[in-house]
Amino acid sequence: MLLRLGQVPTVVASSAAAAEEALKTRDLSFSGRPRLLMADRLYYGTRDMVFAPYGERWRQLRRVCVAHLLSPRRVLGFRAAREREVAALLDGVRAAAADGAAAVLNLSDLLIAYSNAVISRATFGDARGHGLDGGGAAKLRKVFGEFEELLGTVPMAEMVPWLWPVDVLTGLDRKARRTAEEIDRLIERVVADKSPAAAFEAGEEIDGVRLDTVTIKATILDMLVAGTDTTYTLLEWAMAELVNHPTQMRKLQDEVRTAAGGIVTEDDLPRLPTRVVINAWAIGRDPATWERAEEFVPERFAATDGDGEAAEYHKMGVDFRFLPFGAGRRGCPGVGFAVPSVELALASLLYHFDWEVPGGDRKPSAVDMSEVNGLSVRLKTALLLVAKPWQPR
């Protein structure tokens, strides 16, 4: 459908066929990025890869990121870091569970600490993620939450420029400025520490891209924010849906516990057939594509499509019924990094623990699934659960 957002005509593609036309058939025509006021404010004037205009500079910058962080060889090299951080995540759950059978833990904080630690080890070469923000996981979750929420907010000045005072009166300008300053202080610490990913010198040319200080900071921000928020958000939604659907959770736990022996490793992941995918909102709920489109039915991703091939969500641009990583030229280059980080953590949490809500409430939708909108859709409240350790008999 065609909308007019202020002065901007906007086409909304809400079906798999429309998405395929935009992201595959007419990929080149739609590979640009609009100049967004909020991205300008938060992303150093769009000097990064994600919001950069399509062109030679974007292609070279993406090539640098893939070659130095996201290539299959580099992703495989981070396996030990992922497994080490999953072990730390499990230790955190065990410590909380040891306080008593009904001890309530904040799984949201543990998941964002895990996600940030994985991307920090890969990007910076160490585990700065556990204390990078100087205030713990709860503060980190708040900062990233505000950052993502602002990126998904359209200022009034963008739709109707002469109404810019509204953004001042509502506090949106002040909030954007404060969040940008907090994020910049975090990135400045990384640059000052001269970590491996930030060791490029201003003015240096890497793989054909001339880097300045702002470009270095913007690229680090891409890796840090995109790698942390998306991973933890996906894990949080998956755990919330599974706790609300105990039958599906037990089925998945049986699969994981049958495939793994004593501990989950990345070698076990190919033997786990069930996939849990958070889809683009409308396409994932299209009744013309999915039966019971509004329900949590992870089995649909284990089934085969009409051609007899398994639906594989990590292959971009193959199946447009669900687009967790986008498609086309601007599809997410971090798909190979994200998939093992998410799958290993989720499988390990389900292998080692049985989960329920505080008070043993097993009724449907016991977990509050209220959403907060932003660049990604997150749970409005932290995920508070009870974890009961499980041992193979």
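What we have is a predicted model, in which local features need pLDDT of at least 70 and side-chain atom pairs count only at pLDDT 80 or more, while totals for chains, interfaces and linings use all residues. Residues are numbered from 1 along each chain as its sequence is written, and side-chain values use heavy atoms, with hydrogens and water left out.

Let me start with the inside. Buried residues, meaning those under 20% relative accessible area with a 1.4 Å probe and protein chains only, make up 47% of the 393 residues. A nonpolar core is a set of buried Ala, Val, Leu, Ile, Met, Phe, Trp, Tyr and Cys residues joined through side-chain atoms within 4.5 Å, and in the largest one, which has 86 residues, Ile187 and Trp355 touch the most other members. Helix α11, residues 213-244, gives this core its largest share, 15 residues; helices here are DSSP runs of H or I, at least four residues, numbered from the N terminus. Leaving aside neighbours within four places in sequence, Ile187 is in contact, that is, has heavy atoms within 4.5 Å, with Tyr44, Lys217, Ile220, Leu221 and Leu224.

Now to the helix pair. Helix α3, residues 56-70, packs with α11 at an angle of about 60°, the axes being 12 Å apart, where axes are lines fitted to C-alpha atoms over the stretch in contact and angles run from 0 to 180 degrees between N-to-C directions. Where do they meet? Arg57, Leu61, Cys65 and Leu69 in α3 meet Thr215, Thr219 and Met223 in α11.

Conventions: Buried means under 20% relative accessible area, exposed over 50%, partly exposed in between (1.4 Å probe, protein chains only). Helices (H or I, at least four residues) and strands (E, at least two) are DSSP runs, numbered from the N terminus.
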